[in-house]
Amino acid sequence: MNSPGVIVAFSTPTRPVSDMNLRSLLLTLLLASAWAFAAERSTQTEAEIGFLLEHVRTSQLVFVRNGKDHDPDEAHEHMMAKYRHFDRKIDSAEAFIEHSATRSLISGRPYRIRLPDGSEMEAGPYLSAVYEMFRPKRHPYDEIINFYH
């Protein structure tokens, strides 16, 4: 029994405890999935993106962005800035090309490259072709490969 002068108060949450636990669980899962998504970009993917960025930086190409010419170092810096900006959307080299090396966010105009012979082409398809030459050949999980023929 309570003695006189002692007030016993019980606080009841405004939401049922199970709802609060569910919210905590969902928050934990969300944070874990965000961490897993960041980890999802494998070292292989990082190497592939690094290769593309290094190719841009060391090329003899002129990068044309919104009608202005940029040297390889400027193009590299710009693509790195977009890479950081779209970090959460980039989980593959293909996504890197799509988000960081294809078109201007401001004008929507495609980036172009000028080859040493003076010809021009869009930067996205060019980098996709460079990537296709670099990347390891992959096989679908359900493909049967015969090593004996």
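The expected span of a helix is 1.5 Å times one less than its number of residues. In this predicted model, the twelve residues of helix α5 should therefore span 16 Å, and the 16 Å between the end C-alpha atoms of α5 agrees with that expectation. The chain comprises five helices and four strands, arranged along the sequence in the pattern α-α-β-β-α-α-β-β-α.

**Chain overview**

- Of the 149 residues in the chain, 26% count as buried.
- Among contacts with a separation of 6 or more, residues 24 or more positions apart account for 50%.

**Helix α2: length and buried face**

- Helix α2 covers residues 43–58.
- The buried residues of α2 are Thr45, Glu48, Ile49, Leu52, Leu53 and Val56.
- An α-helix has 3.6 residues a turn, so residues three or four places apart point the same way.
- The cover over the buried residues of α2 includes strand β1 (62–65) together with helices α3, α4 (93–100) and α5 (123–134).

- Two packed helices are described by the angle between their axes and the distance between the axes.
- For α2 and α3 (residues 72–85), the axes come within 7 Å and cross at roughly 150°. Because an angle over 145 degrees counts as roughly antiparallel, α2 and α3 are roughly antiparallel to each other.
- On the α2 side, this contact is made by Glu46, Ile49, Leu53, Val56 and Arg57; on the α3 side, by Pro72, Asp73, Ala75, His76, Met79, Met80 and Tyr83. By class, the contact of α2 with α3 has eight nonpolar, one polar and three charged residues.
- For α2 and α4, the axes come within 9 Å and cross at roughly 45°. The two helices are therefore oblique to each other.
- In the contact of α2 with α4, Thr45, Glu48, Ile49, Leu52 and Leu53 of α2 meet Ala93, Phe96 and Ile97 of α4. By class, this contact has six nonpolar, one polar and one charged residues.
- Ile49 and Leu53 of α2 take part in the contact with α3 and also in the contact with α4.

- Thr45 lies in helix α2 and is buried, with a relative accessible area of 10%. Leaving out residues up to four places away in sequence, Thr45 touches Asp91, Ser92 and Ala93.
- Leu52, also found in helix α2, is buried with a relative accessible area of 0%.
- With residues up to four places away in sequence not counted, Leu52 touches Ala93, Phe96, Ile97, Leu127, Val130 and Tyr131.
- Leu52 and Ile97 are separated by 45 residues in sequence and by 8.8 Å in space, C-alpha to C-alpha.

**Helix α5 and Phe134**

- The buried residues of α5 are Ala123, Gly124, Tyr126, Leu127, Val130 and Tyr131. Seen down the axis of α5, they fall within an arc of 165°, so they line one face of the helix.
- Helices α2, α3 and α4 and strands β3 (112–114) and β4 (120–122) are included in what covers the buried residues of α5.
- Phe134 has its place in helix α5 and is partly exposed, with a relative accessible area of 33%.
- Aside from neighbours within four places in sequence, Phe134 is in contact with Ala47, Glu48 and Phe51.
- Phe134 and Leu52 are 82 residues apart in sequence and 9.0 Å apart in space, C-alpha to C-alpha.

**Backbone at Asn66**

- Most residues other than glycine have a negative phi.
- Asn66 has a phi near 55°, a positive value in a residue other than glycine.
- Asn66 lies in the loop between β1 and β2 (68–70) and is partly exposed, with a relative accessible area of 29%.

Methods. Residues are numbered from 1 along each chain as its sequence is written. This is a predicted model: local features need pLDDT of at least 70, side-chain atom pairs count only at pLDDT 80 or more; totals for chains, interfaces and linings use all residues. Side-chain values use heavy atoms; hydrogens and water are left out. Axes are lines fitted to C-alpha atoms, for helices over the stretch in contact, and angles run from 0 to 180 degrees between N-to-C directions. Angles under 35 degrees count as roughly parallel, over 145 as roughly antiparallel, 65 to 115 as roughly perpendicular and the rest as oblique. Contact means heavy atoms within 4.5 Å. Ala, Val, Leu, Ile, Met, Phe, Trp, Tyr, Cys and Pro count as nonpolar, Asp, Glu, Lys and Arg as charged, and the others, Gly among them, as polar. Buried means under 20% relative accessible area, exposed over 50%, partly exposed in between (1.4 Å probe, protein chains only). The arc is that of the directions from the helix axis to the C-beta atoms.
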